[in-house]
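This report looks at a ligand and its surroundings, and then at charged side chains that pair with each other.

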Amino acid sequence: MKNNLLPDLFTLTAIFEGMEDAVLSHDLDYIILNCNPAAEKMFGCPAPVLLGQNILTLIPESVRQEQLAILERVWSGERINHLYTVRSSKLQIDFPVSLTISPIRDEQGEVIGASHIMRDVTHEKETEEKRGMLAAIVENSDDAIISKTLNGIITTWNGGAEKIFGYQERETIGKHISILIPRDRLSEEDVIIENIRNGNKVDHFQTVRLHKNGSAIDISLTVSPVKDRHGTIIGASKIARDITAAKKAETAIRHQAAKLKILNTIGKAISEKLDTESILQKVTDATTQITGAAFGAFFYNTINQDGEAYMLYSLSGAPKEAFENFGMPRNTAVFHRTFSGEGVLRVDDITKDPRYGRNAPHFGMPEGHLPVVSYLAVPVISSSGNIIGGLFFGHPEAGVFMQEHEDIVVSLASQAAVALDNSRLFTEVKELSQKKDEFIALASHELKTPLTSMSGFLQLLERKVIDVNRPFVAKAITQLKKLNALINDLFDISKIQSGKLQFYFEEFDFTGLIKENLEAIREAYTSHEIYFDESGEMILEGDKMRLDQVLTNLVTNAIKYSPESDRIEVSAKRSETEIQVSVKDYGMGINEENISHIFSQFYRAKDVNRSITGLGLGLYITKEIIERHGGRIWVESEPRMGSTFFFVLPLKKRSSVNGHLQKKEEEKVLKL
Ligand code: ADP
């Protein structure tokens, strides 16, 4: 009956043959007696070869002793279950197996051999190792790696997450992910889950999450769907990187760039200014704004025209009255520090400072005075090292001014010092130039009166003297004329400066004027041939006498500066609207550096032989006359090859000529 329940031999053979696990049996001498097809496959050896072999040949040396010991236990009837060990294939390749060894008994129950059932666990082992490695990576990552279900319930929590969010693993598993999400960002989670459900990854999403202590953390989030073995999305794994430091660095860089930009803009703006008051105001406004001060002041020591020291100041954020009864800053202890060279003073709460309030009569904050708590004072030091002023900032709250504010103000203070120095120099130069103009005006006026009477007397004398002395008188008259011309130039200059150079416009033939002018010059100067290339009558509206002066100046210069040549060429041609005149010589020429200066007053080219006399005024006056006619003058020249001076004049007086005086005034200031 019992036997009937046992499977028959055919069935057993079929099972044996069809098993996925390899099966081998051997006797007490380790000789293999049986093997199934799975064993043949596992060891890479057909049954005829396997059978009769010693099983120890399939066991690598390294584990052989251990295996023999195990077999000893089997001989005593023990069954060994699921032992992880190694086997060796015919090609001597070792592979991991899960092994079960059972004793084989004879009918009397005596152990006569053993059966080995083996499963190749290479793949499982690899998977296991991989899993272990991944687990170690996850655990040791600095990033927070968290997995959650599609309902947002946290299922895993690594060490990085502990560090970033402050919660221990046990505090979070089973909790909803929203414990990490700020209230105003809860909707983000819906969007993320929606993406995950659709199989999409959320990549590097920058957002804010909460630390256990409630503080906000800037993070970059990557969330990916987690699938089960059938590919169904069952949750999400999220990697959160703390980017607070990166964000801070980014903000710091942005801050720094903005700061530089501001510094640059303000620096440029103040360096372009030349009047003290607007520099003070610009610097005060800018620094007050940048520091976030409620009020700012710039006190500046200066000297008035009588040489007395006084203090200028500009304010920002507060009316002048707020400072009026306060007295000058040098009188108070806190201000004193800044002016006495003790450097920058930055105080979070000046009311707690021992220096504060020691100053009679206020002893503390005077009634109705600005409520200063945060205080920043920066000295303004000139390039010579003198303290020329101070920048002061206040705020009614404590701790407002930071190191970065101090740095900016210090930097702007030094730029302000340079700008103020320039402004002072500019004022000095302007004053000196004014004095020079006054002197020229006075001298030329005073010289002109005796010269006029001398000239009259000499002319009388010329008529009266006897023939032998006449040449001397004539020479005296020629020299007097030269002197007269020089004084006239000086006189013109002072009239140009004061805007009083008068013009009398009339219509006349310019060709005729040139001819007359050249004729007079030819008489006076015989050293050069003067050629005139004319093109007929050219009626022009202009000041005949002044234009005659222009021609004389250009042609006599051409003669003066070409002592080694003997040819001057003058040409005049007209278009529909203007006349162009040129005066060409073959003399010493003018180098490029001098070309840009020769039309300035008192300028003479440095390389000109000093025996050629002149004051450097002719071209300045010439340019003034041409421009007052609405024309232009320029020169083309090459050293040692000669020069050609050109000017153009409009045929009709232009209305823009009226605006010329104002423009001239502006230019005068710019040139200084
Ligand atoms: P001055 O001749 O009294 O020095 P100007 O104002 O007429 O003053 O000329 C200014 C300077 O320009 C001269 O000193 C000279 O260096 C240069 N200059 C003017 N005309 C010529 C010229 N034709 N050739 C070379 N240099 C010239």
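## The ligand and its shell

By class, the shell around the ligand consists of 11 nonpolar, 7 polar and 3 charged residues. The model is a predicted one. In total, 21 residues surround the ligand, and the closest are Asn557, Tyr561, Asp585, Arg604 and Leu619.

A polar side-chain atom of Arg604 lies 2.5 Å from a ligand oxygen. In the side chain of Asn557, an N or O atom is 2.8 Å from an oxygen atom of the ligand. Ala605 takes part through its backbone, where an N or O atom lies 3.0 Å from an oxygen atom of the ligand. On its own the ligand has 530 Å² of accessible area, and the protein covers 97% of this.

Which elements give two or more residues to the shell around the ligand? They are helix 17 (544-560), helix 19 (618-628) and strand 22 (642-650). Helix 17 gives the most, with 4 residues.

## Salt bridges

Side chains of opposite charge can pair when their charged atoms come close. Across the whole structure, a search finds 23 salt bridges. Among them are the pairs in this table.

| Pair | N to O distance |
|---|---|
| Arg73 and Glu78 | 3.0 Å |
| Arg424 and Glu428 | 3.2 Å |
| Lys623 and Glu627 | 3.3 Å |

Are the partners in these pairs buried or exposed, or in between? Arg73 counts as partly exposed, at 38% relative accessibility. Its partner in the salt bridge, Glu78, is partly exposed at 34%.

Arg424 and Glu428 both belong to helix 14 (residues 403-464), and because they are 4 residues apart there, about one helical turn separates them. Arg424 is partly exposed at 38% relative accessibility, and Glu428 is partly exposed with a relative accessible area of 39%.

Helix 19, which also contributes to the shell around the ligand, holds Lys623 and Glu627. These two are 4 residues apart in the helix, so they are separated by about one helical turn. Lys623 has a relative accessible area of 18% and is therefore buried, the cut-off for buried being under 20%. Glu627 counts as buried too, at 16% relative accessibility.

Salt bridges also link residues into a network, which joins Arg185, Glu188 and Arg209.

Definitions and conventions. Residues are numbered from 1 along each chain as its sequence is written. This is a predicted model: local features need pLDDT of at least 70, side-chain atom pairs count only at pLDDT 80 or more; totals for chains, interfaces and linings use all residues. Side-chain values use heavy atoms; hydrogens and water are left out. A residue is near a molecule or strand if one of its heavy atoms lies within 4 Å of it. A polar contact is a pair of N or O atoms within 3.5 Å; within protein, one must be able to donate a hydrogen and the other to accept it, and residues adjacent in sequence count only if both atoms are side-chain atoms. Accessible areas come from the Shrake-Rupley method with a 1.4 Å probe; for residues, only the protein chains shown count as cover. Ala, Val, Leu, Ile, Met, Phe, Trp, Tyr, Cys and Pro count as nonpolar, Asp, Glu, Lys and Arg as charged, and the others, Gly among them, as polar. A salt bridge is a side-chain nitrogen of Lys or Arg within 4 Å of a carboxyl oxygen of Asp or Glu. Buried means under 20% relative accessible area, exposed over 50%, partly exposed in between (1.4 Å probe, protein chains only).
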